[in-house]
Amino acid sequence: MGGEAGDDPNFEKDLEELRETFNSGKTRDASWRRSQLKAMQLLLKETEDEIFHALKQDLGKPRCEAYRDEIGTVTKSVQYALGNLKYWMSAKKVNLPLIAFPATAELIPEPLGLVYIISSWNFPFGLSLEPIIGAIAAGNVVVLKPSELAPTCSAVLASVIDKYLDNKAIKVFQGGVSVGQQLLQHKWDKIFFTGSAQVGRLVMAAAANHLTPVTLELGGKCPAVVDSISGSWDRESTFKRILGGKFASCAGQVCIGVDYILVEKRYLSTLVSRLQIWIRKMFGDNPKECLARIINKHHFIRLKNLLSDPLVKASIRHGGSLDEANLFIEPTILVDPPLHSAIMTEEIFGPLLPIITLDKIEDSVKFINSRPKPLTIYAFTNNEKLKKMLIAGTSSGGITFNDTLVQHAADTIPFGGVGGSGFGRYHGKFSFDTFSHEKAILRRGFLTDFWFRFPPWDDKKLQLFRDAYRYDYIGIALTFLGLKK
Amino acid sequence: MITSVDCRIDATMSMTLSSSGLNKIGSLHIAQTCLSMPSRHRSWRLLCSPICSASVSLLVEERRSTFDREKADRLVKDLKKVFNSGKTKTYEWRIAQLTSMLKMIEENEADIYRALYQDLSKPESEAFISEVAMTTGSCKLALKELDQWMKPQKAKTTVTTYPSSAEIVSEPLGIVLVISTWNYPFLLSLDPVIGALAAGNAVVLKPSEIAPASASLLSKLFREYLDNSAVKVVEGAVDETTALLEQKWDKIFYTGNGRVGRIIMAAAAKHLTPVILELGGKCPAVVDSNTNLQVSAKRIVAGKWGCNNGQTCIAPDYIITTKAFAPKLIDALKNELVEFFGDYPMKSKDMSRLINLYHFKRLTSLMDEDEVSDKIVVGGQRNEEQLKISPTILLDVPETSQIMQEEIFGPLLPILTVDNVEDSFNIINSRSKPLAAYIFTSDEELKKAFVRDISAGGMLINDTIIHLTVDSLPFGGVGESGMGSYHGKFSFDSFSHKKGVLYRGFTGDSPTRFPPYTPAKLRLLKALISGDIFQVLRSMIGLPKN
């Protein structure tokens, strides 16, 4: 896979061209940014079928899912960016304290320059185009390296981006590890990486050589805390949304997918039995039509190995069948697999859903805190106290109550991790900010200077400073007149 | 008397460390580098006396045993425990620490001046403005605004997640490491620590060993005033820093140079730790002929020599002006220098000295380079004993000379001349992005072009340095001048994680969300995304029962 990778001697030339484009100043113009965002809209509209096809090919993604998670989300983001671009780009006036004398100040966002976006295979379009929107909106020139593990998508991205967007300013480099490593040797003005922590470390270490700032969008084991919910409507919604967030989005191969469930012992049987019923309702007749498959053999075997531990195998309550020929794994539910087993120590990234039982749902805070910080915590509850406890008592990229995945579609809240789940954030204006430098500008006239600002120093000047910093203007006047010590 | 000798030994030793040691971080032998000291220096003669070298090796031994990897392990483990207890997260704890910090500075002002005089001969007024007043200001601002800063920020939600509400919650990152530097030993240590405390983190401060009196005062004061279970100072040099960098931090805040910045970021990468790097760079000052010459000159002199004698990361590093205007500018600068520091600036008490012999030598070698030494138009005097170089202006040094390659960080000010003032933009843009860019002009168009075409951490028009004092502006670099920003609320944000919290009810699921999927669902989904209400209705009507 990704066999076409290799040494590409044209990088240098391409990168030079990108730098030239940036230096020409064209990407800074609002009109250019707008035209590119509009071109992106057109791209999404006109090449929809190609995208559907590629996603089916690489991941077996159903069209609805592909639209909901990739084309649709990105379409919405472009629209949002177009609607807000003018506001985002505008300089922000800054209030000055009295002491700053007559002056005005503002913050002006400026593009960083040449940015490098490394995306991932699970949402090959979403995770490539979403950051590109931010990078373009902020006026940068961009290199995208899509994942070689979704080769059809990678090829489609390369061809449609070349065709629709300004190819002097936005380029796609396809390839595998060696291409990625070569590219990392170059000096970038920003690197935006989506992927695993292990590669994230390498990316950041390479970035350090050039003092390049990085945004790392990693993963982690995102828990779903499920409180015992009384109302039947609320309860059924919970189950549907959990299943939607686990299986119905790229078969659980999602960085913000539900990794495992935390639930009170007494609520377990209800949870399992209802989940089983809903699994049948949602995916029953023809799961392969409704669910994506595993990306490749390597990951299939990794997931298979997660189940191979006899104690884990014994904990399977639902599903568990594996179709290696089609790389398809049935939605699988496990109850209380050993906590030290790989399935509970590694990010699962597949359609296996362990449920861990607790005595009290409040114990979930401790459980979550004993593990690396996840990208998201989900909690289904109507208990306001529990909500507060989780917000204040745990740390994670974000928290979503009573739903799964939808936070990804909200443009107004930052999306990004903390600790082991990465750093930096994007979506909406946060994307724009991530790819901008906020330049602080202070303007002064020549008129007034407190004469005591400058040496030679004496005690009187020092006293004046003290007064000025205390906003003691009477003191200033008195000292000035020689009436104060 | 004895203390001053001790200090000097300490300073000299640290100096060799920093000058030759940092690039081989981790594999350094203090005793060895001491041997490579230049013998002309007075401190070296001190070191040569048997008593002193004995005390040095003793000191080395002591250092060795005071802080190593094991100690660092324990330090971080202890801090983690304290942080996990939740104590530092409370509003009350943060306020208590900030209040103590304020008290600490105010009650020990005299000691702070003394330490700064010892390390840098910093004049008291200058020290008051740039170190004491700035840090107390930061404390007061944080105390006043903290409840506002800590409040979750409401976020609007869009139709995609309707119905819902959302907020952004600021939470502390955990255990943070602040590595500060020697030129403003108090400001650059305390200002980030204030931000870290306000955000509710546990903090370790590593002050610079190159300003030893300040470092040990900081260490003493932190012990006396702050909560020692959560806020600590680790003194030391390369070995200690290396031991600290091996630990897993939740954030590292470093002020210093790009070379060490790279080492820090690479070390942070191992633990996926985000970093803020406050570096320097050659900050240009463009002087247009259409300007108030006297005021401009005064403000340049104040920003260059009146702020720690050029040893400031945002000092004007070099000037660009037009060929025709250069002589007038030089005259004006000369006048202001006399106004500020008298006819004998080497004797002025109103100017800091250079930090140590290493930097003195670095600066004199910049001046002594071929094709540079004959370009000195003002100053050029030096006194190695006192570590002083007089305010020195150089005209039209070659752009390839060392003085135009590295950050000067001292009292030398080269002036480059161009035919048209706009040509200065090319010079600036051909170099790495500076931390600050200055321009002096009354020409509105030129100001606009400068702001548009030059990239820098920050910009100040018609003045120097003072943008640093404005809490409402973020302070930080871009490109080679660093990443991340701080001051005021920006400090709080830099040491916080912004957690997006989305609240949903159980109603309002669009049927399109869940499988089994149908073509009708896809149509509705498309209509919803494009916000086309008419389409939505149509597809809903046409939607088969679900």
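In this predicted model, begin by selecting domain 1 and domain 2 of chain A, between which 10 residue pairs are in polar contact, both residues being at pLDDT 80 or more. On the domain 1 side of this contact, α3 (48–59), α4 (63–89) and α17 (428–434) of chain A each supply at least two residues, and α4(A) gives the most, with seven. By class, that side has nine nonpolar, seven polar and nine charged residues.

Next, show the side chains of A:Asp411 and A:Lys76, which form a salt bridge whose closest N and O atoms are 3.0 Å apart; the rule finds one salt bridge across this interface. The two domains of chain A bury about 2,100 Å² between them, 53% of it on carbon and sulfur atoms, and A:Trp121, A:His427 and A:Phe430 lose the most area on the domain 1 side, together 27% of what that side buries.

Now bring chain B into view, where 105 of its residues are in contact with 111 residues of chain A. The area buried between chain B and chain A is about 8,400 Å², and B:Leu272, B:Phe506 and B:Tyr517 supply 11% of the area that chain B buries, more than any other three residues.

Finally, display strand β18 (residues 436–444) of chain A beside strand β16 (residues 458–461) of chain B, which pair in the parallel sense over four bridges, with A:Leu442 standing opposite B:Leu460.

Conventions. Residues are numbered from 1 along each chain as its sequence is written. Chains are lettered from A and ligands numbered from 1 in the order in which they are written. This is a predicted model: local features need pLDDT of at least 70, side-chain atom pairs count only at pLDDT 80 or more; totals for chains, interfaces and linings use all residues. Side-chain values use heavy atoms; hydrogens and water are left out. Contact means heavy atoms within 4.5 Å. Buried area is the accessible area (1.4 Å probe) that two parts lose on being put together, summed over both. Two strands pair if DSSP finds at least two bridges between them. A salt bridge is a side-chain nitrogen of Lys or Arg within 4 Å of a carboxyl oxygen of Asp or Glu. A polar contact is a pair of N or O atoms within 3.5 Å; within protein, one must be able to donate a hydrogen and the other to accept it, and residues adjacent in sequence count only if both atoms are side-chain atoms. Ala, Val, Leu, Ile, Met, Phe, Trp, Tyr, Cys and Pro count as nonpolar, Asp, Glu, Lys and Arg as charged, and the others, Gly among them, as polar.
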